[in-house]
Amino acid sequence: ALSSGGHSRQIDGIVLTKFDTVSDKVGAAPTMMHLTGAPVVFVGTGQKYNHLKKLGAQSVIKSIFT
């Protein structure tokens, strides 16, 4: 949950946009997951809705090694 000004909000999942390359954004994902306790569910890899992809460990590992 995030809290600000005495108000708390529950977060179910995170959509991380502009995730075109893992090396540029990989630091943001763990930080957001740590602060909210919610998983990164989708990442944006382009400019359109069909560029939203499910984030999974295999896809991150594949991106790192290619």
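Trainee: How do E3 and E4 run, and how many bridges join them?
Mentor: They run parallel, and three bridges join E3 to E4; two strands count as paired if DSSP finds at least two bridges between them. Strands (E, at least two residues) and helices (H or I, at least four) are DSSP runs numbered from the N terminus. Before we go on, note that this is a predicted model, where local features need pLDDT of at least 70 and side-chain atom pairs count only at pLDDT 80 or more, while totals for chains, interfaces and linings use all residues. Residues are numbered from 1 along each chain as its sequence is written, and side-chain values use heavy atoms, with hydrogens and water left out.

Trainee: OK, and which residue in E4 does Ile14 stand opposite?
Mentor: Ile14 stands opposite Val40 in E4. On another pairing, E4 joins strand E5, residues 52-54, in the antiparallel sense over three bridges, and there Val43 stands opposite Lys53.

Trainee: Zooming out, how many helices and strands are there in the protein?
Mentor: The protein has three helices and five strands, and from the N terminus on the elements run β-β-β-α-α-β-β-α.

Trainee: Which residues make up the largest nonpolar core?
Mentor: Six residues do: Ile14, Leu16, Ala29, Ala38, Val40 and Val43. A nonpolar core here is a set of buried Ala, Val, Leu, Ile, Met, Phe, Trp, Tyr and Cys residues joined through side-chain atoms within 4.5 Å. Strand E3 (14-16) and strand E4 (40-44) are the elements that give two or more residues to this core.

Trainee: What does Ala38 touch, if you skip residues up to four places away in sequence?
Mentor: Ala38 touches Ile11, Asp12, Gly13, Ile14 and Met33, where contact means heavy atoms within 4.5 Å. Pro39, leaving aside its neighbours within four places, is in contact with Asp12, Gly13, Ile14 and Met33.

Trainee: And where is the place of Pro39?
Mentor: Pro39 is in the loop between H2 and E4. Its C-alpha is 8.7 Å from that of Ala29, although the two are 10 residues apart in sequence.

Trainee: Why is Pro39 called partly exposed?
Mentor: Pro39 gets that label because its relative accessible area is 43%, given that buried means under 20%, exposed over 50%, and partly exposed in between (1.4 Å probe, protein chains only).

Trainee: What about Thr36, buried or exposed?
Mentor: Thr36, which lies in helix H2 (residues 28-36), is buried, because its relative accessible area is 12%. Its C-alpha atom is separated by 9.5 Å from that of Arg9, 27 residues apart along the chain.

Trainee: Changing topic, which residues make the nonpolar surface patch?
Mentor: Val15, Val41, Phe42, Tyr49 and Leu52 make a patch of about 490 Å². Patches are made of residues with over 30% relative accessible area and no salt bridge, with like charges joined within 9 Å and nonpolar side chains (Val, Leu, Ile, Met, Phe, Trp, Tyr) within 5 Å; a salt bridge is a side-chain nitrogen of Lys or Arg within 4 Å of a carboxyl oxygen of Asp or Glu. Phe42 lies in strand E4 and is partly exposed, with a relative accessible area of 31%.

Trainee: And what does the accessible surface of the protein come to?
Mentor: The total is about 5300 Å², of which 58% belongs to carbon and sulfur atoms, with areas from the Shrake-Rupley method with a 1.4 Å probe, and for residues only the protein chains shown count as cover. Buried residues make up 15% of the 66 residues.
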